Amino acid sequence: MPVAVEMNFKGATLDQYDQVIELMGLTPGTPAPPGGLFHWVAETDDGIRVVDVWESKEQYERFAQDQIGPYTQQVGIPAPPEVTYRDVHNIIKA
């Protein structure tokens, strides 16, 4: 079952986010990582919010352990994100 993953990175900046995306090799026009269906990011009052939809929670958690955690630490994001999971009821693609 698809899962929506909301990650709130307190103290993070969009510049740090851009660095992480570059380290992951996720430049514009490249495919999403295996299992990734949708992604967006926005600045918040206290950091950044990233929202993804993944084919499964397990696929997201593998990716988070292998890439999100190490790369966010590498670019100096001060703490792991607060993560909220929600089961996805419906996906409509453009």
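Colleague: Why does Gly 11 count as partly exposed?

Modeller: The relative accessibility of Gly 11 is 46%. Residues are called buried under 20% relative accessible area, exposed over 50%, and partly exposed in between, with a 1.4 Å probe and protein chains only. Gly 11 therefore counts as partly exposed. This is a predicted model, in which local features need pLDDT of at least 70 and side-chain atom pairs count only at pLDDT 80 or more, while totals for chains, interfaces and linings use all residues. Residues are numbered from 1 along each chain as its sequence is written, and side-chain values use heavy atoms, with hydrogens and water left out.

Colleague: Where does Gly 11 lie, and how many residues apart in sequence are Gly 11 and Pro 28?

Modeller: Gly 11 belongs to the loop between β1 and α1. Helices (H or I, at least four residues) and strands (E, at least two) are DSSP runs, numbered from the N terminus. Gly 11 and Pro 28 are 17 residues apart in sequence, and their C-alpha atoms are 25 Å apart in space.

Colleague: What makes Gly 35 count as buried?

Modeller: Gly 35 has a relative accessibility of 8%. That value falls under the 20% limit, so Gly 35 counts as buried. Gly 35 is in the loop between α1 and β2. Its C-alpha atom is 5.0 Å from that of Glu 55, and the two residues are 20 apart along the chain.

Colleague: Why is Met 1 called exposed?

Modeller: Met 1 has a relative accessible area of 66%. The value is over the 50% limit, and Met 1 is therefore exposed. Met 1 is placed in the segment before β1. The C-alpha atoms of Met 1 and Val 88, 87 residues apart along the chain, are 7.3 Å from each other.

Colleague: How do you know that Arg 49 and Glu 6 meet in a salt bridge?

Modeller: A salt bridge is a side-chain nitrogen of Lys or Arg within 4 Å of a carboxyl oxygen of Asp or Glu. Between Arg 49 and Glu 6 the N to O distance is 3.4 Å. Arg 49 is in strand β3 (residues 47-54) and Glu 6 in strand β1 (residues 3-10), so the pair ties together parts 43 residues apart in sequence. Both ends are partly exposed, Arg 49 at 31% and Glu 6 at 24%.

Colleague: What makes Glu 82 and Lys 10 a salt bridge?

Modeller: The closest N and O atoms of Glu 82 and Lys 10 are 3.2 Å apart. Glu 82 is in strand β4 (residues 82-87) and Lys 10 in strand β1, so this pair links parts 72 residues apart in sequence. Glu 82 is partly exposed at 44%, as is Lys 10 at 46%. By the rule, the count comes to two salt bridges. Side chains of opposite charge can pair when their charged atoms come close.

Colleague: Why is the term "patch" used for Leu 37, Phe 38, Trp 40 and Ile 91?

Modeller: Patches are made of residues with over 30% relative accessible area and no salt bridge, with like charges joined within 9 Å and nonpolar side chains (Val, Leu, Ile, Met, Phe, Trp, Tyr) within 5 Å. Leu 37, Phe 38, Trp 40 and Ile 91 form such a nonpolar patch on the surface, with about 360 Å² of accessible area together. The areas come from the Shrake-Rupley method with a 1.4 Å probe, and for residues only the protein chains shown count as cover. Leu 37 itself is in strand β2 (residues 36-44).

Colleague: Which classes of residue make up the lining of the largest pocket?

Modeller: The lining has 18 nonpolar, five polar and one charged residues. For this count, Ala, Val, Leu, Ile, Met, Phe, Trp, Tyr, Cys and Pro are nonpolar, Asp, Glu, Lys and Arg charged, and the others, Gly among them, polar. At least two lining residues come from each of β1, α1 (14-24), β2, β3 and α2 (57-74).
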